[in-house]
Amino acid sequence: MLPPKLPERRNGVLHTDLCIIGAGSGGLSVAAGAVQMGASVVLIEKGAMGGDCLNTGCVPSKALIAAAHAAHAIRDGSRFGIHAAAPDIRFPEVHAHVHGVIAAIAPHDSVERSQGLGVHVIQAAGRFIDHQTVEAGGDRITARRFVIASGSRAAVPPIPGLAEAGLLTNESVFELTDRPEHLIVLGGGPIGIEMAQAFRRLGSEVTVVEKFGILSKDEPEAVDVVRGALERDGVQLLERTGVAAVSRTDGRVVVTLDGETGRSLSGSHILVAAGRRPNIEALGLDAAGIAHTPKGITVDDRLRTSNRKIFAIGDVAGGPQFTHIAGYHAGIVIRNALFGLPAKVNYAALPWVTYTDPELAHAGLTEADARKAGHEVQVLTWSFDGNDRAQAERATEGLAKIVLGRRGRILGATIVGPRAGELIGTWGLAISAGLKIGAIAGAVLPYPTLSEISKRAAGSYYTPKLFGALTRRIVGLVQRILP
């Protein structure tokens, strides 16, 4: 293997092929890929390597959810004839489990690994001082191309008293070593709903306050399934409810709700999960001639900013805010910046998963979005209660909903049910490959598996024709002809 190409220092300035600000999922992917392809790379990170996903987002949240699943399985074992006492939940040990998972993954995202690949890592804040120079940790860096991958943070809505009430966000909630007695969650999006169910199953009383409806970007039928599960778990959902003010009284958080009644809630902790804000304020974007809005850096479909030597990827680019999108963006940038190829983003098959129980997964267009776009829409549905594996596991709640366009073209899919996140990939691949519904209907899948729900849903497209009058006449004719 050839040795890596290293940045050069000339006249006190570091010169490199690629300079990346932010060592989260997207930045690390660009850095690792670029240096192994022969480019010199400088990677700048002011905080923890691995960014939000590893340290305060995807990884700790899924570890906490896994602990909550374990507690729920003990309580719910009687449906299989397995009876046990109530789970003994020791929250300090749950905390240790969450941080143990982070520690197990951290070496892959570490400074040492990047340096071992040949990346020059600077652990400091980086900012542009002109159109082609970044300053970080006392160094000035010039590069052929720059990539901004600075991510996002929790948005705190301007509710009177909220900032002073000792709020939690995803950056602090996983540091709790004592279980909240009553957690009030502001926001009914994926993060808020996942944490609400997890803390409830770990023994906290939980109330969710959502100004509109929970999981508003997902198919209503699927959201209804999740809503029912949350309510059975004992999560109190206050939808279409605003917050007028928040205060802290006698060590408790008091949330005053909108409305003439002046109703209020009292809890031990308050978690804010009301959206994200891009990390752009300290980057010196104006000095570099980079256009931006409060939603993030403005980019074209090649992820280039208004300064064509500079790209922006992941949450800071103002698009879909998922870790897998940051990784996808990394591939687009490498093709553009290293090979000069005009690679463009395409979100037609964009998948996302809300890791509740049951999981809710989606790829492509929802039915509403497909109709809004002018497609001739046909919808297929199939319930998990018709899936033998789901019956064996007593996990029959949920469904698959497939959105088709003309001639059976797959436009979108939603699955809500057991391990939906593992099942949605089939549909994402089908959409990105431009497949029609027959490709899924004709697949041979092992029995009994949950994946059969996709084949059954797809096969229902042909049911009216396959078992209709015309087919019966053809079969009758053939039977008379055959010897």
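1. This note concerns a predicted model, and it opens at one residue pair in a sheet: Val353 stands opposite Ala361, a residue of strand S21. Strand S21 covers residues 359–364, and its pairing with S20 is antiparallel, over 4 bridges.

2. These two strands belong to an open sheet of 5 strands. Read across the sheet, the order is S20-S21-S24-S23-S22, and the pairing is antiparallel. Strand S20 (351–354) and strand S22 (378–383) form the edges, since each pairs on one side only. From one strand to the next, the twist averages 10 degrees.

3. Helix H7, residues 220–233, lies across S21, strand S23 (399–404) and strand S24 (410–417). The direction of H7 runs at about 10 degrees to S24. Helix H11, residues 420–432, packs on the sheet and touches S20, S21, S23 and S24. The direction of H11 makes about 175 degrees with that of S24.

4. The side chains of Glu367 and Lys401 are joined by a polar contact of 2.7 Å. Leaving aside residues up to four places away in sequence, Glu367 touches Glu219, Glu221, Val377, Val379, Lys401 and Val403.

5. The remaining points concern pairs of packed helices. In general, such a pair is described by the angle between the two axes and by the distance between them. Helix H6 (residues 190–201) packs with H7 at an angle of about 30 degrees, and the axes are 10 Å apart. An angle under 35 degrees counts as roughly parallel, and H6 and H7 are therefore roughly parallel to each other. Their crossing is left-handed. On the H6 side the contact involves Ile193, Gln197, Arg200 and Arg201, which meet Val226, Leu230 and Asp233 in H7. By class, the residues of this contact divide into 3 nonpolar, 1 polar and 3 charged.

6. Helix H3 (residues 58–75) and helix H4 (residues 91–105) pack with their axes 9 Å apart, at an angle of about 135 degrees. H3 and H4 are therefore oblique to each other. The crossing of H3 and H4 is right-handed. Val59, Pro60, Ala63, Leu64 and Ala67 are the residues of H3 that meet Val94, His97, Val98, Val101, Ile102 and Ile105 in H4. The contact of H3 with H4 has 10 nonpolar residues, 1 polar residue and no charged residues.

7. Helix H1 (residues 25–36) packs with helix H8 (residues 323–339) at about 35 degrees, and their axes lie 8 Å apart. The crossing of H1 and H8 is right-handed. From H1, the contact draws on Ser25, Gly26, Ser29, Val30, Gly33 and Ala34. From H8, the contributing residues are Thr323, Ala326, Gly327, Ala330, Ile334 and Leu338. The contact of H1 with H8 has 6 nonpolar residues, 6 polar residues and no charged residues.

Technical notes
Residues are numbered from 1 along each chain as its sequence is written. This is a predicted model: local features need pLDDT of at least 70, side-chain atom pairs count only at pLDDT 80 or more; totals for chains, interfaces and linings use all residues. Side-chain values use heavy atoms; hydrogens and water are left out. Axes are lines fitted to C-alpha atoms, for helices over the stretch in contact, and angles run from 0 to 180 degrees between N-to-C directions. A crossing is left-handed if the near helix is turned anticlockwise from the far one by less than a right angle, and right-handed if clockwise. Contact means heavy atoms within 4.5 Å. Ala, Val, Leu, Ile, Met, Phe, Trp, Tyr, Cys and Pro count as nonpolar, Asp, Glu, Lys and Arg as charged, and the others, Gly among them, as polar. Two strands pair if DSSP finds at least two bridges between them. A polar contact is a pair of N or O atoms within 3.5 Å; within protein, one must be able to donate a hydrogen and the other to accept it, and residues adjacent in sequence count only if both atoms are side-chain atoms. Angles under 35 degrees count as roughly parallel, over 145 as roughly antiparallel, 65 to 115 as roughly perpendicular and the rest as oblique.
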